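User: Could you walk me through how to read burial, contacts and salt bridges in a structure? I would like the general idea and then a case.

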Amino acid sequence: MPRRTTDITVPPLSGKRAVVTGGSDGIGLGIATRLAAAGAEVVLPVRNAGKGAAAAERIRAAVPGATVALRELELSSLTSVAALGRTMRDEGAPIHLLINNAGVMTPPERQCTADGFELQFGTNHLSHFALVAELLPLLRAGGARVTSQLSIAANSGAINWSDPNWERSYDGMRAYRQSKIALGLFGLELDRRGRAAGWGISSNLAHPGVAPTSLLAARPEVGRAADTPQVRVIRWLSRRGILLGTAETAGLPALYAATAPEAEPGRLYAPSGPGHLGGAPGEQKLFSPLRDAADAERLWQLSEQLTGVAFAAA
C-alpha cells in the first residue's frame, strides 16, 4: 500500500529573508528548500563551504530562480558566531525568519568546542544563544519569528547546573538532552523578554519526532565511524511507515512553527501522531523540563556568563 503523504502549505514569503542553521543537509536542507520555494531569500550559514555550495545547487535545481546565499559559520566557535554577526549587520538586511536547526548528537567521547564548552551544550545551545544576540538588530528590523529546533529527547532530563559542561562525569545522551532543554528554555525566555522589552520579535519551538536523519549516522567529525544501531532501526521503521516520520516530514513541524500564520509564540510544535514520533505537525504540550520560567531565567544568565554575550537593550 502506498504511504500516505504528509505535508503542509507554506504561505508566500516573497521579500522575506530567512536564515537556517544546519541547512546544508538533512532536515535543514529540506526546510531551506521549502522556504526558497515559497519565495524567501534563504541564507545558509555553513561550516563546510563545499558542502554548502552543493546544498545551494540542490535548492536551485529544485526551485529554479531561488535566491540562496552562503555565509561562513562554525557553530563550535564563538569567534565564528561573532564574525557572522558582524558580516550580516554590515549587510544591513532585515531578517524575518531564523531557524536554529543545526546540532550534534551524542559523541562517543566527551569533546569540547573551541571555547572549551562540552560540544553539544556549546554547539546546540550556547552558539545559537550568541547568534540570536548578534543578529538581534536585524531580527528586530524584520519583526522576526525565531524557531528553535529541539528533540524529543528533551522530554526528559535536566540542566546539570553544578557541571553544565560535563567535566566530572560525561554521559553523551544526558548531555544531549541538556543541550536541547537549554535551547528550549532559551527560546521561551527569548519570547518573554522580547515581549517585555518591545523588541518586536517572537520565538517558538519545534521538534521533528523520530526520523532517519544524519544525527545518529556515521559522523567522523564527532568520533562516530559507523551508523549507530538506533539509526538502522529508525530507517527500517520509517521505510515501512511504522509510527515514525521520514526525512522529509521531520522538517514540517519547524517549517510550520516558523511560517504558519496560526503558529503562536511560546509554543511547541511537533508531529501529531502516536507518541509525537511522526505525522502531521501540530501543537504539543511543552515538555516538562521546559515549564519552569525560573529555570529559563537562570539558564539565560548562565548563558550570558559563559558566552560573554549580552542582548542589547536598545
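User: Is glutamine 284 buried or exposed?

Analyst: Buried means under 20% relative accessible area, exposed means over 50%, and partly exposed is in between (1.4 Å probe, protein chains only). Glutamine 284 counts as buried because its relative accessibility is 10%. One thing to keep in mind: this is a predicted model, in which local features need pLDDT of at least 70 and side-chain atom pairs count only at pLDDT 80 or more, while totals for chains, interfaces and linings use all residues. Residues are numbered from 1 along each chain as its sequence is written, and side-chain values use heavy atoms, with hydrogens and water left out.

User: Where does glutamine 284 lie, and which residues does glutamine 284 touch?

Analyst: Helices (H or I, at least four residues) and strands (E, at least two) are DSSP runs, numbered from the N terminus. Glutamine 284 belongs to strand β8, residues 281–284. Contact means heavy atoms within 4.5 Å. Leaving aside residues up to four places away in sequence, glutamine 284 touches His207, Leu268, Ala270 and His276. With histidine 207, the side chain of glutamine 284 makes a polar contact of 2.8 Å. That term is a pair of N or O atoms within 3.5 Å; within protein, one must be able to donate a hydrogen and the other to accept it, and residues adjacent in sequence count only if both atoms are side-chain atoms.

User: And how many salt bridges does a search of the whole structure find?

Analyst: Side chains of opposite charge can pair when their charged atoms come close. The criterion is a side-chain nitrogen of Lys or Arg within 4 Å of a carboxyl oxygen of Asp or Glu. The search finds 14 salt bridges. In one of them, arginine 34 meets aspartate 7 at 2.8 Å, N to O. This pair links distant parts of the chain, 27 residues apart: arginine 34 is in helix α1 (residues 26–37) and aspartate 7 in the segment before β1 (17–20).

User: Which salt bridge does arginine 267 form?

Analyst: Arginine 267 pairs with glutamate 283, their closest N and O atoms being 3.1 Å apart. Arginine 267 sits in the loop between α7 (252–259) and β7 (268–271) and glutamate 283 in strand β8, so the pair ties together parts that are 16 residues apart in sequence.

User: What about arginine 193 and glutamate 189?

Analyst: Both lie in helix α5 (residues 172–197), four residues apart, about one turn of the helix. Arginine 193 is partly exposed at 24%, whereas glutamate 189 is buried at 6%.
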